[in-house]
Amino acid sequence: MSARLSLALSGGSVILPDTGRIVLLRPPADLDLDGLPLDRVAAEHGFCPDHDALSARGVAVSPQQAGPAAAVVVFAARAKALTLDLLARGFAMVGPGGPLIVDGAKSEGIDSLLKTLRKVCAVGEVYSKAHGKCFAVTAPAAVPAGWAAVPGRVDGFVTTAGVFSADGIDPGSALLAGHLGAVSGKVCDLGAGWGYLATRILASDKVRQVALVEAEHAALDCARANVTDARATFHWADATTWTGGPFDYVVTNPPFHTSRKADPALGRAFVQAAARLLSPRGRLLMVANRHLPYEATLAEVFAESVVRADVSGYKVIEATRPKRRQP
Ligand SMILES: C[S@@+](CC[C@H](N)C(=O)[O-])C[C@H]1O[C@@H](n2cnc3c(N)ncnc32)[C@H](O)[C@@H]1O
């Protein structure tokens, strides 16, 4: 349970106004809700599994919040550019001089963020707990230049702050793109990001449909700009529980971390989801960092898998004959 904010509130290190809307930007799914007036709270979370978990806990949450707020709480994200964008939007919501609270872990760069904020606005008492910090700031007269994310073009594609491989095509995906020649029929791009693989899949006229499944709302927005082919459909969803298909092909460069640490469990869940989404004759094509251990999971849910390429630290794997689960 992420309790730093509720502890800072109960100890008086940070204070929320008695009236008005309180916006939480990207709160952790396991946020301790003690001390938060839930009837006045509006949360924003663009990552579908966290959005759904907060909603199930009774928090009013949507992938995007706008409009004025009496106070905003910004939860630092792993990507600094995303945190700065959240701060820029938070400052705009409360207006110059308005109250904003920042909460974050050391691993999310809260110490350097605090230094940055001290240069642009007044900072209140700093509450330190659980390898992180929580503090109040007063919104500056103007949002510092360059903090608000502006979707830009890299390698000819629209990307934005905080999405996977925002600064260009991922080398693993580029490798996988060279192995899409046989892909045809109904295809699912699982964890589609800003749509690079989908554009490459759609280069073939043997492909009838591509379903882009992606949990990050901002990434899917970029994908909509990048993939304008009428055969594409877009799904903001948790790939590990999404029900669609059946598909002739699942193509994926699965995510391999949920926090700063590599965590192959999420990638394994993608492999399991792929087997579930495929037709009996369907095929999985995936790329992964060579050191990530997916073999056991592949053997559990597919009758056959073959390494098609092993280059520069990446392997491309093709798996066939998904095993049917017993009811
Ligand atoms: C390694 S990236 C690949 C992105 C894109 N296919 C590419 O090649 O650039 C994995 C993607 O999976 C997304 N993702 C992470 N967890 C997810 C989940 N549970 N459901 C759906 N997508 C998820 C991430 O946001 C990220 O865009």
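## Close-up views of the predicted model

**View 1. Helix H7 and its neighbours.** The buried residues of H7 pack against strand E9 (157-159), H6, E11 and strand E12 (232-236). Contact here means that the C-beta atoms of two residues, placed from the backbone, lie within 7 Å. Helices (H or I, at least four residues) and strands (E, at least two) are DSSP runs, numbered from the N terminus. This is a predicted model, in which local features need pLDDT of at least 70 and side-chain atom pairs count only at pLDDT 80 or more, while totals for chains, interfaces and linings use all residues. To find your way along a chain, count residues from 1 as its sequence is written. Helix H7 covers residues 217-226 and is mostly covered, with seven of its 10 residues buried. A residue is buried if 20 or more other C-beta atoms lie within 10 Å of its own, exposed if 12 or fewer, and partly exposed in between, with C-beta atoms placed from the backbone. The buried residues of H7 are Ala218, Ala219, Leu220, Asp221, Cys222, Ala223 and Asn226.

**View 2. The whole chain, for orientation.** Nine helices and 16 strands make up the secondary structure of the protein chain. Its radius of gyration is 21 Å, close to the 20 Å that the globule rule gives for 327 residues, so the chain is as compact as a globular protein of that length. The radius is taken over C-alpha atoms, and the rule is 2.2 Å times the number of residues to the power 0.38. Along the principal axes, the C-alpha trace spans about 60 × 45 × 35 Å. Of the 327 residues, 45% are buried. Among contacts between residues at least 6 apart in sequence, 62% join residues at least 24 apart.

**View 3. The residues around the ligand.** The ligand is surrounded by 21 residues, and the closest are Ser173, Gly191, Gly193, Ala215 and Ala239. Helix H6 (196-201) and strand E11 (207-214) are the elements that give two or more residues to this shell. Sorted by class, the shell has 11 nonpolar, six polar and four charged residues. Ala, Val, Leu, Ile, Met, Phe, Trp, Tyr, Cys and Pro count as nonpolar, Asp, Glu, Lys and Arg as charged, and the others, Gly among them, as polar.

**View 4. Ser204, in the loop between H6 and E11.** Ser204 counts as partly exposed because it has 13 C-beta neighbours inside 10 Å. Leaving aside residues up to four places away in sequence, Ser204 touches Val183 and Ser184. Ser184 is 20 residues from Ser204 along the chain, and their C-alpha atoms are separated by 7.7 Å.

View 5. At the interface, 14 residues of domain 1 are in contact with 10 residues of domain 2. On the domain 1 side, helix H2 (48-56) and helix H3 (80-94) are the elements that give two or more residues. That side has eight nonpolar, three polar and three charged residues.

**View 6. The seven-stranded open sheet.** The strands follow the order E3-E2-E1-E4-E5-E7-E6, and their pairing is mixed. Strand E3 (61-62) and strand E6 (123-129) stand at the edges with a single partner strand each, so one side of each is left without a neighbour in the sheet. Two strands pair if DSSP finds at least two bridges between them. E6 and strand E7 (residues 132-138) run antiparallel, joined by five bridges. Look here for Ser128, which stands opposite Lys133 in E7.

**View 7. Strands E14, E15 and E16.** Strand E16 (residues 314-322) pairs with strand E14 (residues 278-289) in the antiparallel sense over seven bridges. Met286 stands opposite Ile317 in E16. Strand E15 (residues 302-311) also pairs with E16, antiparallel and over eight bridges. Here Val316 in E16 is the bridge partner of Ala309. The hairpin of E15 and E16 has two residues between the strands, and Ser312 takes a positive phi near 50°.

**View 8. Asp39, in the loop between strand E1 (22-25) and strand E2 (41-44).** Asp39 is exposed, with 7 other C-beta atoms within 10 Å. Arg21 is 18 residues away from Asp39 in sequence and 8.9 Å away in space, C-alpha to C-alpha.

Note on methods. A residue is near a molecule or strand if its C-beta atom, placed from the backbone, lies within 6 Å of it.
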